[in-house]
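Student: I'd like to learn how to read a protein model. Can we go through one together?

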Number of protein chains: 6
Amino acid sequence: MADWLPTLKTATPEEGYDLAVKLARVAVKLTQPDAEVRDRLRPEYAEDSDALIAVSQVVATHFATVASANDYWQDRT
Amino acid sequence: MADWLPTLKTATPEEGYDLAVKLARVAVKLTQPDAEVRDRLRPEYAEDSDALIAVSQVVATHFATVASANDYWQDRT
Amino acid sequence: MADWLPTLKTATPEEGYDLAVKLARVAVKLTQPDAEVRDRLRPEYAEDSDALIAVSQVVATHFATVASANDYWQDRT
Amino acid sequence: MADWLPTLKTATPEEGYDLAVKLARVAVKLTQPDAEVRDRLRPEYAEDSDALIAVSQVVATHFATVASANDYWQDRT
Amino acid sequence: MADWLPTLKTATPEEGYDLAVKLARVAVKLTQPDAEVRDRLRPEYAEDSDALIAVSQVVATHFATVASANDYWQDRT
Amino acid sequence: MADWLPTLKTATPEEGYDLAVKLARVAVKLTQPDAEVRDRLRPEYAEDSDALIAVSQVVATHFATVASANDYWQDRT
């Protein structure tokens with residue numbers, strides 16, 4: 001996983017949100033490096049509302065960081 | 001889902017809160033893109049107090065970001 | 001639910017805390033709009049310590065936002 | 001519960017921590033106002049490590065707010 | 001537990017981390033003051049990965065506070 | 001575990017993320033110092049999606065701290 005995070009800067013809030021989703025997923029990859037296991041787990045938690053909400057919580061935490069890094073994209077408004 | 005988040009700026013705290021709710025939901029959509037599955041899960045977690053509180057936690061985290069992005073709507077007070 | 005959040009400013013820390021409680025509850029209402037269902041769930045989670053602690057966590061997150069919005073009520077001290 | 005939170009300022013970090021504990025408890029009281037029920041729940045969660053850790057999480061969130069409100073008690077160092 | 005938290009300042013990030021661990025533990029002590037009960041619970045949660053991760057979350061929240069109080073130990077770099 | 005955290009500064013966001021992962025793991029080590037027990041728990045939670053998401057949440061909290069300590073690596077953009 002080389003060079004997957006060159007910067008926290010994004011052009012738009014939407015891209016910032018996508019980056020937050022990515023940041024949430026990478027920790028899972030680093031903890032469970034076996035792609036096969038992750039593929040097996042995915043359909044399971046993707047149909048479990050508790051897990052979906054928990055994922056959303058992680059994204060929210062990362063989005064706060066990304067938004068702050070981009071000064072909330074103030075220049076665009 | 002094109003252009004769903006043009007800005008974090010909102011006119012009022014209430015609209016900021018609505019945006020936080022939206023931000024919480026989008027992560028669920030991105031993790032479970034199948035609308036049919038989501039529709040099936042919704043009535044389930046909407047009657048589960050643990051899930052409702054967990055959703056509220058995600059909204060709280062996003063609201064902190066949106067409120068900060070709007071400088072807490074200081075200009076209005 | 002029109003105009004339920006005109007401002008994040010409150011006169012006192014206590015009122016700020018009450019606002020945080022309100023902010024925590026509104027997300028539940030928006031996710032489960034049926035008051036009858038919510039009334040049914042309430043006695044259940046109000047006797048479940050895990051749920052009570054989770055509610056307290058949501059309030060804590062919102063209180064951080066409200067306190068920051070009020071500059072920690074510095075003018076009063 | 002009148003006037004339980006006149007200020008977020010405390011003289012020392014320790015008092016700030018105690019205030020964070022108090023802030024965590026008040027949300028529980030507001031959600032479950034019946035003291036008898038709370039007294040019944042207490043021994044239960046006080047012997048449940050998951051609950052104890054969850055309480056500690058709420059305290060941590062409030063302590064962040066109180067510490068920030070006191071500018072981390074910089075004047076004392 | 002007198003005078004256990006004279007300051008949030010630490011000489012190094014590592015000591016700051018240790019302080020965060022301490023801050024996480026004190027809330028447990030205050031909620032469950034009986035050392036015997038805590039000693040009984042410890043081996044239990046220390047072998048429960050969910051509990052270990054939850055403890056790590058509390059430490060993370062406190063570390064954010066301690067790091068900020070120390071201005072991220074900028075003077076050392 | 002001497003000198004494992006000399007600084008929060010990292011050259012790149014990616015190294016900052018790696019540091020966040022490390023920060024998340026150390027709290028587990030301090031709570032469960034027995035490496036054998038940890039090795040036994042690892043395969044278990046590494047196949048449990050709830051645990052993986054919880055780990056990701058801890059990493060997200062630490063990444064916020066590390067990113068802030070590095071001023072979001074602004075100099076690089």
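Student: How many helices and strands does chain A have?

Tutor: Keep in mind that this is a predicted model. Start with the elements: chain A has three helices and zero strands. Reading from the N terminus, the order is α-α-α.

Student: What box do the C-alpha atoms of chain A fill?

Tutor: Along the principal axes, the box is roughly 40 × 30 × 15 Å.

Student: And how much of chain A counts as buried?

Tutor: A residue is called buried when its relative accessible area is under 20%. In chain A, 56% of the 77 residues count as buried. Chain A still exposes about 3400 Å², with carbon and sulfur atoms supplying 48% of that.

Student: Let's zoom in on one residue. Is E:Leu52 buried or exposed?

Tutor: E:Leu52 counts as buried because its relative accessible area is 2%, and the cut-off is under 20%. You'll find E:Leu52 in helix 3 of chain E, residues 49-69.

Student: Which residues does E:Leu52 touch, not counting those up to four places away in sequence?

Tutor: From chain E, E:Tyr45 and E:Ala46; from chain F, F:Val28, F:Thr31, F:Gln32 and F:Leu41.

Student: What about charges? How many positive and negative side chains does chain A have?

Tutor: Chain A has 8 positive and 13 negative ones, and the centres of the two sets are 4 Å apart.

Student: Which residues form the negative surface patch?

Tutor: Look for Glu44 and Asp50 in chains A, B, C, D, E and F. One of them, C:Glu44, sits in helix 2 of chain C, residues 35-45.

Methods. Residues numbered from 1 in each chain as written. Chains lettered and ligands numbered in written order. Predicted model: local features only at pLDDT ≥ 70, side-chain atom pairs only at ≥ 80, totals over all residues. Heavy atoms only, no water. Patch = residues over 30% accessible without salt bridge, like charges linked within 9 Å, V, L, I, M, F, W, Y side chains within 5 Å. Areas by Shrake-Rupley, 256 points an atom, 1.4 Å probe, with all protein chains shown as cover. Salt bridge = Lys/Arg side-chain N within 4 Å of Asp/Glu carboxyl O. Lys, Arg positive; Asp, Glu negative; His and termini not counted. Charge placed at Lys NZ, Arg CZ, Asp CG, Glu CD. Helix = DSSP H or I, 4+ residues; strand = E, 2+ residues; numbered from the N terminus. Buried < 20%, exposed > 50% of the residue type's maximum accessible area, 1.4 Å probe, protein only. Contact = heavy atoms within 4.5 Å.
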